[in-house]
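Work through these exercises with the sequence and model at hand. Try each task before reading its solution.

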Amino acid sequence: MGAAVARAQDGDEAAFAVAYRIVQPGLLGYLRGLVGDDAEDVASDAWLEIARDLGRFKGDGSGFRGWTSTIARHRALDHLRRQRVRPRAGGTERDVLDLPGRHNTHEEALESLSTERALELVRGLPRDQAEAVLLRVVVGLDGPAAARVLGKRPGAVRTAAHRGLKRLARQLGVDGETDTGVTNEASSTLGESK
């Protein structure tokens with residue numbers, strides 16, 4: 001991804017599209033955990049800022065993922081602040097926006113339900129745990145990168161992610177009292193923390 005980001009900084013639109021396709025799914029999952037149904041709108045705002053400021057980015061592919069997560073988090077927090085001040089849209093407008101699309105298939109519905117259920121469980125966690133789990137598991141950041149996004153120490157993020165995953169495991173009925181931990185030892189999803 002680092003090469004695509006470097007080419008995108010030189011104006012290569014196809015390379016920017018590659019970086020977008022790699023980062024967007026995890027970023028959207030992270031935002032869904034923070035702002036729910038408004039995630040796509042917030043992601044759009046974040047990508048506008050990312051595209052505008054791409055020339056100022058310094059780093060590799062992993063750093064780009066963290067940088068985009070930081071921007072998305074700031075846009076999500078701005079969105080949540082605005083929501084507290086401004087009332088939600090009326091029912092009629094909301095009803096039109098919630099009409100099903102033409103391409104709903106059985107598999108898409110099942111995937112959507114399972115994803116929404118998982119994000120609902122994560123949203124039930126304390127905020128620090130929810131954000132740590134989303135950044136580590138959904139976005140795929142390592143401990144130091146997630147810590148930079150959240151403005152915390154890596155150990156604090158590691159602890160919050162661990163506690164959040166243990167709480168989720170208990171909610172799902174998984175025995176969380178074993179010494180093996182919450183995540184699969186063979187999984188590299190969380191990466192190494194230092």
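**Exercise 1.** Is the crossing of α2 and α4 left-handed or right-handed?

*Solution.* The model is predicted: local features need pLDDT of at least 70, side-chain atom pairs 80 or more, while totals for chains, interfaces and linings use all residues. Numbering starts from 1 along each chain as its sequence is written, and side-chain values use heavy atoms, without hydrogens and water. Find the helices (DSSP runs of H or I, at least four residues, numbered from the N terminus). They are α2, residues 13-35, and α4, residues 61-85. The crossing is right-handed; that is, the near helix is turned clockwise from the far one by less than a right angle.

**Exercise 2.** Where does α2 bend?

*Solution.* Look at Q24. The bend there is about 40 degrees, taken between axes fitted to the seven residues ending there and the seven starting there. Next, find the proline: P25 follows within four residues.

**Exercise 3.** Which residue just after α2 takes a positive phi?

*Solution.* Step past the helix end to G36. Its phi is about 65 degrees.

Technical notes. Axes fitted to C-alpha atoms, helices over the stretch in contact; angles between N-to-C directions. Helix = DSSP H or I, 4+ residues; strand = E, 2+ residues; numbered from the N terminus.
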